[in-house]
Amino acid sequence: MDAINTQVTFNQLISELSSRLINSEPAETYECIEEVIEAFGSYAGADRCYVFEFDDAVVNMTNTHEWVRDGFEAHIDDLQSVGIDDLPWFFNEIKTHQLFIVNDVELLPPEADAEKQEFRREHIKSVICVGIVAKHQLLGFVGCDRVQKKHRWTPEEVRCLKLVANIIANTLERQRTYAELIHTQRELEKANRLLHAQVSQDGLTGIANRRAFDERIHNEIQRSMREQSALSLLIIDIDHFKHYNDHYGHLQGDQALKGVANALFDLFQRNTDFVARYGGEEFVAVISATDRKKTEDSINHLLESVRALQIPHETSGIAPYLTVSVGGYIHSPETDEDIDALAEKMIAKADSALYRAKSDGRNRGCLDY
Ligand SMILES: Nc1nc2c(ncn2[C@@H]2O[C@H](COP(=O)(O)OP(=O)(O)OP(=O)(O)O)[C@@H](O)[C@H]2O)c(=O)[nH]1
């Protein structure tokens, strides 16, 4: 009667644990497996119950879960990354039959000498292990030991341990699939970030391109509405760049564009600043949380930093080196302005200020507000 009661209790517990495992989050799975082996260990009157997992190459096995009866020695720390060659007979049995039953360690055959020595070292008298197999792949095994005295494993205990191995196999398989899914998801996110960086970057100069500018100006307009702070937009255009190209050649023209882009990039380093190549020999800068004085200072700094590059431009007619003209517009937003319309208006205003700077003799800036 006692045996029947024990069996009923075990079956109930295993059924509860397997439904918990089905619904468990990956973080809870570890704990659930510990409870499953504890349930089996208690049911089978074992002194120790454990799970080993093989590595991908199936050359090493690691004790990943262990339950020990109170007062018995735990071995999990000694049994990390154990070579399967250390226990060849055992491994062959598990691989071939997915089952290893020893009622009396002292009666192991001579070819299992390595196993006998190991079991003696761990004071094991009887041992049973069942392979954990998922999708025809041997992932590891679950087993238990009797240390105090020998035990003849019953067919019912074998059946129950096979059930436990099956539950663990499904759980590990699910965990692996989950880990693979997370890995794939991370790879995709990384690829997307890279792609986004590529489509937002200007191929020649390496700074942001017009597409990135369009996105940024919209975000900055939203921010300036939220924070009720002024926003400046500058359009920067290289003076007489056609003459430069005609005189020095297109390749050197490219180098000059890179030089100007780097100088602008170095200048607009604040988090709230942004610079992009707008197209051809035109650049744009967005300055957030600013005011008229700060914007004028920025314009003067950038005119000066391009002059300071001292890129020779013999055919400029303005200076012996490369210069730029700047058109700027500073806007203090109302709360409910149309963002697209405002972006267009800011570009048009900065563009007409640039036109004035060009008409007034170039190598200078004009700011509208
Ligand atoms: N090397 C090089 N030149 C470019 C590139 N993109 C545009 N350009 C040249 O930039 C020049 C722009 O000429 P324009 O629009 O007439 O302007 P500009 O000569 O600078 O005259 P202003 O702006 O009025 O001072 C053209 O000669 C284009 O070929 C580029 O990627 N590389």
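I began with the strand pair E5 (residues 126-134) and E6 (residues 137-146), which I found joined in the antiparallel sense over nine bridges; strands here are DSSP runs of E with at least two residues, helices are runs of H or I with at least four, both numbered from the N terminus, and two strands pair if DSSP finds at least two bridges between them. I then looked up Ala-134 and noted that its bridge partner in E6 is Gln-137.

Before going further I recorded that this is a predicted model, in which local features need pLDDT of at least 70 and side-chain atom pairs count only at pLDDT 80 or more, while totals for chains, interfaces and linings use all residues. Residues are numbered from 1 along each chain as its sequence is written. For pLDDT, the predictor's confidence in each residue from 0 to 100, I noted a protein average of 91, with 99% of the residues at 70 or above; the model scores are ipTM 0.98 and pTM 0.61.

Next I followed the open sheet of six strands, which runs in the order E3-E2-E1-E6-E5-E4 with antiparallel pairing. Strands E3 (82-83) and E4 (99-102) stand at its edges with a single partner strand each, so one side of each has no neighbour in the sheet.

I looked up Glu-111 and placed it in the loop between E4 and helix H4 (113-121). Glu-111 counts as exposed because it has 10 C-beta neighbours inside 10 Å; the cut-offs are 12 or fewer other C-beta atoms within 10 Å for exposed, 20 or more for buried and anything in between for partly exposed, with C-beta atoms placed from the backbone. From Glu-111 to Pro-88 I noted 9.2 Å, C-alpha to C-alpha, across 23 residues of sequence.

Turning to the ligand, I listed 16 residues around it, of which Phe-241, Lys-242, Gly-253, Gly-280 and Glu-281 come nearest (near means a C-beta atom, placed from the backbone, within 6 Å). Strand E7 (230-238), helix H7 (241-248) and helix H8 (250-267) are the elements that give two or more residues to this shell, and H8 provides the largest share, four residues.
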